[in-house]
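Dear colleague,

Please find below the structure that I am handing over to you. My notes on it follow directly after.

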Amino acid sequence: MDLNFTAADEAFRGEVRAFIDKKLPPDIRRKVLEGQRMVKDDYYRWHVILHEQGWIAANWPKEFGGPGWTAAQQHIFEEECADAGAPILSPFGLRMVAPVIMAFASPEQQQYYLPRIRSGEHWWCQGYSEPGSGSDLASLRTRAERVGDKYIVNGQKTWTTLGHHGNWIFCLVRTNAEARKQEGISFLLIDMKTPGITVRPIIMIDGEHEVNEVWFENVEVPVGNLIGEENNGWTYAKYLLGHERTNIAEVGRSKRRLKRLKEIAAKQPGSDGKPLLQDVRFRDRIAQVEIELMALEITNLRVISADMEGRAPGPEASLLKIRGSEIQQTLTELMMQALGHDALPYQHAAMEPDFSGEVIGPDYGVPLSGQYFNFRKTTIYGGSNEIQRNIISKMILGF
Ligand SMILES: Cc1cc2nc3c(=O)[nH]c(=O)nc-3n(C[C@H](O)[C@H](O)[C@H](O)COP(=O)(O)OP(=O)(O)OC[C@H]3O[C@@H](n4cnc5c(N)ncnc54)[C@H](O)[C@@H]3O)c2cc1C
């Protein structure tokens, strides 16, 4: 493929940039760029603005309501949104369950769910992991027993990201306890307002509420909410994970963080009193991560392009996940180092947009230690990086 952007691509970039300039609410932009605490409404407002423009489902085929963009246009759109300080779009509906629905659900299910994902009426979360079933996901124990035209679901999911914001959850459930473990799993869509569901917060290392436990007690789910065939859920689950891992690469956002790192290093003094950005060793480290990010960007474009030609992301998604998450962590580490001892205090209250107290160190330093700790998650979620290396060794290298 040709990886150069054409004149038409550059014109498209201009169109996207002008739209964001006009439509992205300034309070949301400020929160994102300054690392302040976000609430669900911030994400939702931007979701609705993009939906009204017809741009919410950037990676969907046209027949399902996508804008019909090329791989390059999708990439440019992501890049411009990230650079301008647009909030991240919740991936669970748009980028995870939607591809599964498009590929494996019935036409009736597609007609029901896909427009609601686009409009934001359905806000999804992911019910895969359970205590003891993370890396060994196929050992999951949440049961769904079929009784007439319903499944009765009992069990517990954990680490459910933004489960407190969600009104729908896609779950892997065990429908056959006798079969080989991968062959007794089904893929079920569950309305979170159904009686018997309890969501409990898990507070992360940075003190924030981002993940949850979700408990199911005799939850009745219509059989019509099953995707594809009963006991074939493992196939759909893996298909979804390919899309999840590609998405985790986060090239656009890492580019914005790299820019931020350079701005901080230009302001912070090094040991000789000159700006840190002039320190040869620190510059070397920035250059190294920048080169890795450029290589990731090209690889990401190749995977998006193949996906558009009908080749769903396979084991190469694991490469993107490993390298993308490592780069994200390196960037947060370098920002902490650039800040020096001012990075030590974690100023939790100062993350609120209306905080008017005094901060320790420069304003731009406030969110950095929280981000550093929060980003430890990136090499764990979406399947840990050790597991991704196992996949690469088996599926790509053939060991
Ligand atoms: C912030 C965060 C958000 C998450 N969000 C969601 C979500 O929304 N929905 C969801 O379903 N899940 C979510 N997860 C769960 C995530 O997918 C799991 O944490 C992950 O798959 C690892 O599973 P585990 O935590 O059970 O660790 P374990 O599987 O117990 O692994 C522990 C350690 O052992 C290593 N290990 C395990 N097996 C092997 C092996 N065979 N070879 C080499 N090393 C191995 C792992 O790499 C890891 O370092 C989230 C996790 C985090 C941290």
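Which atom of the ligand lies 2.6 Å from a polar side-chain atom of glutamate 386? It is an oxygen atom of the ligand. Before I continue, please note that this is a predicted model, in which local features need pLDDT of at least 70 and side-chain atom pairs count only at pLDDT 80 or more, while totals for chains, interfaces and linings use all residues. Residues are numbered from 1 along each chain as its sequence is written, and side-chain values use heavy atoms, with hydrogens and water left out.

The ligand

A polar side-chain atom of threonine 161 lies 2.6 Å from a nitrogen atom of the ligand, and a backbone N or O atom of serine 129 lies 2.7 Å from an oxygen atom of the ligand. The ligand taken alone exposes 970 Å², of which the protein buries 66% (accessible areas come from the Shrake-Rupley method with a 1.4 Å probe; for residues, only the protein chains shown count as cover).

The ligand is surrounded by 20 residues, the closest being Ser135, Trp159, Thr161, Ser384 and Glu386 (a residue counts as near if one of its heavy atoms lies within 4 Å). This shell divides into 8 nonpolar, 10 polar and 2 charged residues (Ala, Val, Leu, Ile, Met, Phe, Trp, Tyr, Cys and Pro count as nonpolar, Asp, Glu, Lys and Arg as charged, and the others, Gly among them, as polar). Helix H12 (residues 385–396) gives the most to the shell, with 3 residues (helices, H or I with at least four residues, and strands, E with at least two, are DSSP runs numbered from the N terminus).

Aromatic pairs

The structure holds 17 aromatic pairs (rings of Phe, Tyr and Trp, the last by its six-membered ring, pair if their centres lie within 6.5 Å; planes under 30 degrees apart count as stacked, over 60 as edge-to-face and the rest as tilted). The pair of phenylalanine 12 and tryptophan 69 is edge-to-face, because the ring centres are 5.1 Å apart and the planes stand at 75°. This pair links distant parts of the chain, 57 residues apart: phenylalanine 12 is in helix H1 (residues 7–23), and tryptophan 69 is in the loop between helix H3 (40–53) and helix H4 (71–84). Both residues are buried (buried means under 20% relative accessible area, exposed over 50%, partly exposed in between, with a 1.4 Å probe and protein chains only).

Phenylalanine 104 and tyrosine 236 form a tilted pair, 4.6 Å centre to centre with 40° between the planes. Phenylalanine 104 belongs to helix H5 (residues 91–104) and tyrosine 236 to helix H7 (residues 233–247), 132 residues apart. Phenylalanine 104 is partly exposed at 27% relative accessible area, whereas tyrosine 236 is buried at 4%. Ring pairs also link Tyr112, Tyr113, Trp124, Tyr128, Trp168, Phe170 and Phe187 into a cluster.

Charged side chains

Lysine 377 lies over the face of phenylalanine 375, at 5.9 Å from the ring centre (a charge sits over a ring if NZ of Lys or CZ of Arg is within 6 Å of the ring centre and within 35 degrees of the ring normal). The side chain of lysine 377 also makes a polar contact of 2.6 Å with the side chain of glutamate 210 (a pair of N or O atoms within 3.5 Å; within protein, one must be able to donate a hydrogen and the other to accept it, and residues adjacent in sequence count only if both atoms are side-chain atoms). Glutamate 210 is placed in strand E7 (residues 209–222) and is buried, with a relative accessible area of 17%.

With kind regards
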